[in-house]
Amino acid sequence: QLDLLWTRKQNVMYNLFDWPTQKHSKLIILAIANTMDLPERIMMNRVASRLVCPSSFVAMLENENRLNIVCSQNCHAYFQVAALSGDARRCLDICRRATEICEFASRKRTPEIVRMTHITEALDEMFSSPYINAIRNASWHEQIFLKAILAEFRRVGVEEATVQQIYHQHVALCRIEGMQSPTISEIMAVCSRLGACRLLLVESSNKYLHMRVRLNISQDDVMYALKDE
């Protein structure tokens, strides 16, 4: 799990990928991550420069035995899926469901290839859960709190953070948006409401600012729900 080796200075990953470049080295490292754009998303240039990456999602599309829905004039559809979800497995699930929708529709008329309309229908179906709707109907500060969680997760490289850490990110986002920052009491109320909706998993503790928080849904789902906000 390459993305779990991430550290702030990225020394672990840099040293790992630097070893094969040493003189007389006989070491070959094959690294795998679920996030397709991992080098662009979190890696410093000095680390990314040590990598030799496949041509991203196109390499996956060439595996026709896995997808069976490849069509050259419709590759743009899969790139849109990749943009909405960085997880390769999620992309494959969406493409697979789009194929099923296309096959069902084709029974009533002449067979056709998978088109963007099928991809869109599969996306809407996959991302229309009660959790997604709860995020879209949340208050401004609740949505900003979720954005602050994502920002803090990216900063520390771990999908867990304290309320205090998230609060600092929340304040920074409020400044960017030109909004008044909430008080500690207000942020605790926001955290409590999101926990009650089961969007968050909040640790029970008397030390409120040091309570640890995790998402109860995937980061991709949160980003999808907030993409128009």
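I started with the contacts of Glu160, taking contact as heavy atoms within 4.5 Å. Leaving aside neighbours within four places in sequence, I found Glu160 touching Phe153, Arg212, Val213 and Arg214. This is a predicted model, where local features need pLDDT of at least 70, side-chain atom pairs count only at pLDDT 80 or more, and totals for chains, interfaces and linings use all residues. Residues are numbered from 1 along each chain as its sequence is written, and side-chain values use heavy atoms, with hydrogens and water left out.

Next I looked at Val213: its C-alpha is 5.7 Å from that of Glu160, though 53 residues separate them in sequence. For Arg212, I noted a polar contact of 2.6 Å between its side chain and that of Glu160. That term means a pair of N or O atoms within 3.5 Å; within protein, one must be able to donate a hydrogen and the other to accept it, and residues adjacent in sequence count only if both atoms are side-chain atoms.

Where does Glu160 lie? I placed Glu160 in the loop between helix H10 (140–156) and strand E1 (161–162). Helices (H or I, at least four residues) and strands (E, at least two) are DSSP runs, numbered from the N terminus. Glu160 counts as partly exposed because its relative accessibility is 25% (buried is under 20%, exposed over 50%, partly exposed in between, with a 1.4 Å probe and protein chains only).

Then I checked phi. His24 has a positive value near 65° without being a glycine. Most residues other than glycine have a negative phi. His24 sits in the loop between helix H1 (11–18) and helix H2 (38–42), and is exposed at 70%.
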